[in-house]
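These are my notebook entries on a structure that I looked up.

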Amino acid sequence: MLSWFVSLAITFTLVLTALVYLRGWISLRSAFPTLLAGWRLAAFLSGLMLVWTALGSPLATLDHQSLTIHMMKHLLLMTVAAPLILMGTPMFPLACGLPKLFIRNPMPFARITGRWFESYLRHPLLCWLAGTAAVIGWHLPRAFQSGMRSHPAHILEDVSFLMAGLLFWSPVIHSSPGAAKSPRWSMAMYLFLATLPCDVLSAFFVFCNRLIYPFYLSAPHLFSLPPLADQECAGALMWVWVTFAYLIPAVAISLQILSPRNARSQASIQAARQGVAGRSRNGTEAEVI
C-alpha cells in the first residue's frame with residue numbers, strides 16, 4: 001500500500017507540474033510567439049514522462065528484483081529525463097503558469113536564492129562533483145543496501161539521482177530561451193571527464209567476479225537471471241549507455257565549435273568589440289582635444 005501511495009503521489013505531482021508548465025507555455029506563446037518553440041514543450045513533457053516511468057510506473061518496483069532494472073532507472077533519470085527537462089526551459093513557463101497568488105509579491109528570499117543558484121550552484125565544478133557523487137556514493141555497498149531495505153531511503157536515492165542530473169546538465173544546456181552563448185571547449189572536456197568515474201564503476205561490476213550486493217541473493221530473480229550475471233549485465237549497460245550519453249553531446253559541441261558558421265560569428269563578435277572599443281577611444285580623444 002505504501003508503494004501504491006508513493007506512485008500515486010508521484011503521478012499527481014508530475015501531472016500537476018505538466019499542467020502548470022502547459023498553462024505558462026500557452027500564455028508565453030500568446031504574448032511572444034517566437035520565444036518558446038514547440039519542441040521545448042515536447043522536451044519538457046517527455047522528461048516528465050520518463051521521470052514517471054522511472055519512479056511511478058511498474059518499472060519502479062522491479063529494481064528490487066534486478067540490478068539491471070535498478071541501473072536503467074537511474075540512467076533514465078540522470079542522462080535522459082534531466083536534460084530533456086532543462087531543454088524545456090522550465091523556469092519561465094512554470095513561473096508564468098502559477099496562479100497570480102504565488103507570483104504577485106515575490107519574497108526577497110526567493111530573489112536571493114535565485115541569484116545564489118545562478119552564481120554558485122551552476123558552477124561546472126560543483127555540478128560535475130554532484131553528478132559523480134550521486135553515481136559513486138549510492139553504489140557503495142552500505143548505501144545501496146540501505147536504499148534497498150528502507151523505503152524512505154529508496155525515495156531519497158531516486159530523487160537525488162534526478163536532482164544530480166539536473167545539476168550536472170545545467171552548465172551544458174542553456175535553460176534560458178534567449179541564451180545564445182557560444183559552445184565552449186570546457187564543456188566537451190566536462191562531459192568526457194564525467195565518463196571516467198562511470199567507466200571505472202561499470203568495469204568493476206563486470207570484472208570483479210563476485211556479487212557486490214547480497215540483497216539480490218534473497219530477491220526473486222527476474223527472467224531467471226543469476227545475480228552475478230545480472231550484475232555484469234548492469235555494468236555493461238552502464239558502460240555503453242554513459243559512453244553514448246556523454247560523448248555524443250561532447251562530439252556535437254566540438255563540431256559546433258569547429259564549424260565555419262561559429263568561426264564567422266566569433267570573428268564578427270570580436271570585430272564588433274574592437275569597433276566599440278575604437279569608438280570609445282576616439283570619443284575620449286575628441287573630448288580631450
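**Loop residues.** I looked up Thr89 and found it in the loop between α3 (67-87) and α4 (91-97); helices here are DSSP runs of H or I with at least four residues, strands are runs of E with at least two, and both are numbered from the N terminus. Thr89 is not a glycine, yet its phi is positive, at about 45°. Is Thr89 buried or exposed? Thr89 counts as buried, at 0% relative accessibility; buried means under 20% relative accessible area, exposed over 50%, and partly exposed in between, with a 1.4 Å probe and protein chains only.

I then turned to Asn209, which lies in the loop between α10 and α11 (215-218). Asn209 is also a residue other than glycine with a positive phi, near 60°. Asn209 is exposed, with a relative accessible area of 60%.

**Basis of the values.** I note that this is a predicted model, in which local features need pLDDT of at least 70 and side-chain atom pairs count only at pLDDT 80 or more, while totals for chains, interfaces and linings use all residues. Residues are numbered from 1 along each chain as its sequence is written, and side-chain values use heavy atoms, with hydrogens and water left out.

**Overall make-up.** I recorded 13 helices and zero strands in the protein. Of its 289 residues, 39% count as buried. I took contact to mean heavy atoms within 4.5 Å. Among contacts with a separation of 6 or more, 77% join residues 24 or more positions apart.

**Helix α9 and its partners.** Two packed helices are described by the angle between their axes and the distance between the axes. I used axes fitted as lines to C-alpha atoms over the stretch in contact, with angles from 0 to 180 degrees between N-to-C directions. The axes of α7 (residues 124-137) and α9 (residues 151-169) come within 8 Å and cross at roughly 150°. That makes α7 roughly antiparallel to α9, the term for angles over 145 degrees. On the α7 side, the contact is made by Cys127, Trp128, Ala130, Gly131, Ala134 and Val135, and on the α9 side by Ser160, Phe161, Ala164, Leu167 and Phe168. I classed the residues of this contact as nine nonpolar, two polar and no charged; Ala, Val, Leu, Ile, Met, Phe, Trp, Tyr, Cys and Pro count as nonpolar, Asp, Glu, Lys and Arg as charged, and the others, Gly among them, as polar.

For α9 and α10 (residues 185-207), I found that the axes come within 12 Å and cross at roughly 145°. Here Leu167, Phe168 and Trp169 of α9 meet Tyr190, Leu191 and Ala194 of α10. This contact has six nonpolar, no polar and no charged residues.

I also looked up His154, again in helix α9. His154 is buried, with a relative accessible area of 6%. Not counting residues up to four places away in sequence, His154 touches Asp63, His64, His70, Lys73, Gly147 and Met148.

**Leu14.** I placed Leu14 in helix α1 (residues 2-31) and noted it as buried, at 14% relative accessible area. Leaving aside neighbours within four places in sequence, Leu14 is in contact with Leu48, Val51 and Trp52.

**Cysteines.** How many disulfides does a search of the whole structure find? I noted zero, a disulfide being a pair of cysteine sulfur atoms within 2.5 Å. Cys96 is partly exposed, at 33% relative accessible area, whereas Cys208 counts as buried, at 17%.

Key. Parallel < 35°, antiparallel > 145°, perpendicular 65-115°, else oblique.
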